[in-house]
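Thanks for coming. Please look at the structure first.

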Amino acid sequence: TPDQLKEGLIDSLNTLLQPVRDHFTNDETAKGLLEQVREFKREATPVVSEDEAPKVFRLDLVKEGVVQPNSHLVMAPLPNSNPTMQSAADILTKLKAADTDTPKVLLLRDWTAIVNNALDADLKLIPAYHAILLSTLRAIDIHLHGEDEAIMKNVTIVLQSEAILKDPSNYWISVINAGRHF
């Protein structure tokens, strides 16, 4: 039963840990080290009032000057070996969904493509895919809306890897913090 399994696991872990516990209880040097670690933990733990929220680290592309505040973000699909005209048309539809006064941003997720092994994480194929995607978007946009009303002329293109490198420290801290939730 699950309860028996739990009890057996607890007993086995206690059996494995008992020599370690004994060492830190009986050995004076180990006992002193353990007390130092506990003291360091007490000193390192900041006292935070209930009113103070912990500082959250985020990659702030507005503060970095990459995008305008309150932008409408559209994420390009991950690069693949079979791009379709439909995926380009879908991106234009999503960009067009924003109010005309709202700044528009198209995020090209090259870093995510590498991490997810899109196009075998090939560092030549991924930018080639994005170049073809942007050319296709611009061509379809002009065909559908004309040069004067083209959506893409007012879209900020953001390459994910370049955005990350604007503030890599906060980016990696936010990645680590996100990982702590799982």
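A search of the whole structure turns up one salt bridge, meaning a side-chain nitrogen of Lys or Arg within 4 Å of a carboxyl oxygen of Asp or Glu. Before the details, note that this is a predicted model, in which local features need pLDDT of at least 70 and side-chain atom pairs count only at pLDDT 80 or more, while totals for chains, interfaces and linings use all residues. Residues are numbered from 1 along each chain as its sequence is written, and side-chain values use heavy atoms, with hydrogens and water left out.

The salt bridge joins the side chains of Lys31 and Glu28, at 3.6 Å from N to O. Where do Lys31 and Glu28 sit relative to each other in helix H2? They are three residues apart in H2, residues 28–44, and therefore separated by about one helical turn. Helices here are DSSP runs (H or I, at least four residues), as are strands (E, at least two), numbered from the N terminus. Glu28 is exposed at 58% relative accessible area, and Lys31 is partly exposed at 37%. On this scale, buried is under 20% relative accessible area, exposed is over 50%, and partly exposed is in between, with a 1.4 Å probe and protein chains only.

Now the surface. Trp111, Ile114, Val115, Leu123, Trp172 and Val175 make a nonpolar patch of about 550 Å². Patch members have over 30% relative accessible area and no salt bridge; nonpolar side chains (Val, Leu, Ile, Met, Phe, Trp, Tyr) are joined within 5 Å, and like charges within 9 Å. The areas come from the Shrake-Rupley method with a 1.4 Å probe, and for residues only the protein chains shown count as cover. Helix H4 (110–115) and helix H7 (168–179) are the elements giving two or more residues to the patch, and H4 gives the most, with three. Val175 lies in helix H7 and is partly exposed at 32%.

How many aromatic pairs does a search of the whole structure find? It finds two. Rings of Phe, Tyr and Trp (its six-membered ring) pair if their centres lie within 6.5 Å; planes under 30 degrees apart count as stacked, over 60 as edge-to-face and the rest as tilted. The rings of Trp111 and Trp172 have centres 6.0 Å apart and planes at 75°, so this pair is edge-to-face. It links distant parts of the chain, with Trp111 in helix H4 and Trp172 in helix H7, 61 residues apart. Tyr171 and Trp172 have ring centres 4.9 Å apart and planes at 75°, so that pair is edge-to-face as well. Tyr171 is buried at 14%, whereas Trp172 is partly exposed at 41%. Ring pairs link Trp111, Tyr171 and Trp172 into a cluster.

The largest nonpolar core has 17 residues, of which Ile91, Leu95, Leu106, Leu133, Leu137 and Met152 touch the most other members. A core is a set of buried Ala, Val, Leu, Ile, Met, Phe, Trp, Tyr and Cys residues joined through side-chain atoms within 4.5 Å. Helix H3 (85–96), strand S2 (104–108) and helix H5 (125–145) each supply at least two residues of this core, and H5 gives the most, with five. Apart from it lies another core, of seven residues, including Leu107 and Val158.

Last, Leu119, in the loop between H4 and H5, is buried at 16%.
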